[in-house]
Amino acid sequence: MLTFADWLALREAADASARSTELADEVRERLRGRSTVTVHDLGTGTGAMGRWLAPRLDAPQHWILYDRDDDLLALAQARVAPEAKVTTRNTDITRLTAADLGDADLITASALLDMFTGAEVARVVDACAGVRCPVLFTLSVIGDVRLTPADPLDAEIMAAFNAHQRRTAHGRSLVGPDAAKLTIDAFTYRGARVVERSTPWTLGADQADLIAEWFKGWLGAACEQRPELAGPVEAYAARRLAENAAGDLRVTVGHVDLLVVWD
C-alpha cells in the first residue's frame, strides 16, 4: 500500500509534464527585477511545486511552505530548491488571512482546490485578494477522464467518481471538479483577471505504474460512492489492469492551471 508521500512521488513527473510552462513564464516576467521573490506554497506536500517552479524564476527565492503534516513538510524543506531559503508552517490553509500572506510576491498551490468546500475556496480567495500578488494554482481536476480503448462502463464510473469528489464528509461538502470554476468566479468578482490553461495528464505505456495506482483509486472512490458498482466492475477492473500491464491502455485526466493577476 502506497503512503501519501509515495503517491506524490509517483505522480510528480506527470504533474511536471502537465503544468503550463506558458503561465510559469508569465509569472517569471511579472516578478522580474525583484531582489528576492517570496513564494507562499499552499498544501505543499513534498514540495513538488517548488522543485518545478523554482528553476523557472530568475531571482533568489524564499519559499514558505504550508501543510498539516510535519513529515511532509520536513521532506519538502529538504528538497524544494537547494539555493532557496525555506520556511515551513503547519497550519490550516483554509484559515489563512491576507496578513498571513502579506509578504508574498507569489502564491502557489497544486492539485488542491478540489478538496475544499465552497466556503473554503472563498476564504482562500479572500486571503489572496488582500495581497493582490500573482497567484498560480495548478492541476485542478475538472471531472473529465478518457480511457483508450473506450469501454461502456467508463462514463458511469467517471460520474460516480465525480459524485464522490462532491461528497459531504464530516460536515464538509466538497466542491470537487467544480473548484476551478468557483475559483475563477470568486477572483473575477474581486477584480482580478484569471488566465486558464488546459493541463491534462496524458499517460501511456511508460507510466504504467502511475496508471495502475490512479485507476485503482479512481475505481475505488466510484465504488465507495455507489457500492452497487462493486460486482459489475470486477471484470472491467481485471480487463483494464491487464490492458495496462500489456502497455495498451492510455489515460487522459483533465486538469486546468489558473494564473490570477491584478492588472
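Visitor: Where is His 62 found?
Guide: In this predicted model, His 62 is found in strand β2, which covers residues 61–67.

Visitor: Buried or exposed, that His 62?
Guide: His 62 has a relative accessible area of 13%, and because buried means under 20%, His 62 counts as buried.

Visitor: What does His 62 touch?
Guide: Leaving aside residues up to four places away in sequence, His 62 touches Thr 36, Val 37, Thr 38 and Val 39, as well as Lys 85, Val 86 and Thr 87. With Thr 87 there is also a polar contact of 2.8 Å between the two side chains.

Visitor: Switching to the helices, which residues of α9 are buried?
Guide: The buried residues of α9 are Tyr 236, Ala 237, Arg 240, Glu 243 and Asn 244. Seen down the helix axis, these buried residues fall within an arc of 130°, so they line one face of α9.

Visitor: And what does the face turned away carry?
Guide: That face of α9 carries the exposed residues Glu 234 and Ala 245.

Visitor: What covers the buried residues of α9?
Guide: The cover includes β5, α6 and α8. Looking from α6 (residues 154–165), its buried residues pack against β5 (135–148), α8 (208–225) and α9 (234–245).

Visitor: Which residues of α6 are the buried ones?
Guide: They are Asp 154, Ile 157, Met 158, Ala 160, Phe 161, Asn 162, His 164 and Gln 165.

Visitor: How far does α6 reach, end to end?
Guide: With twelve residues, α6 reaches 17 Å from its first C-alpha to its last, close to the 16 Å expected.

How values were computed:
Residues numbered from 1 in each chain as written. Predicted model: local features only at pLDDT ≥ 70, side-chain atom pairs only at ≥ 80, totals over all residues. Heavy atoms only, no water. Helix = DSSP H or I, 4+ residues; strand = E, 2+ residues; numbered from the N terminus. Expected span 1.5 Å × (residues − 1). Buried < 20%, exposed > 50% of the residue type's maximum accessible area, 1.4 Å probe, protein only. Contact = heavy atoms within 4.5 Å. Arc of directions from axis to C-beta. Polar contact = N/O pair within 3.5 Å; in protein donor to acceptor, adjacent residues only side chain to side chain.
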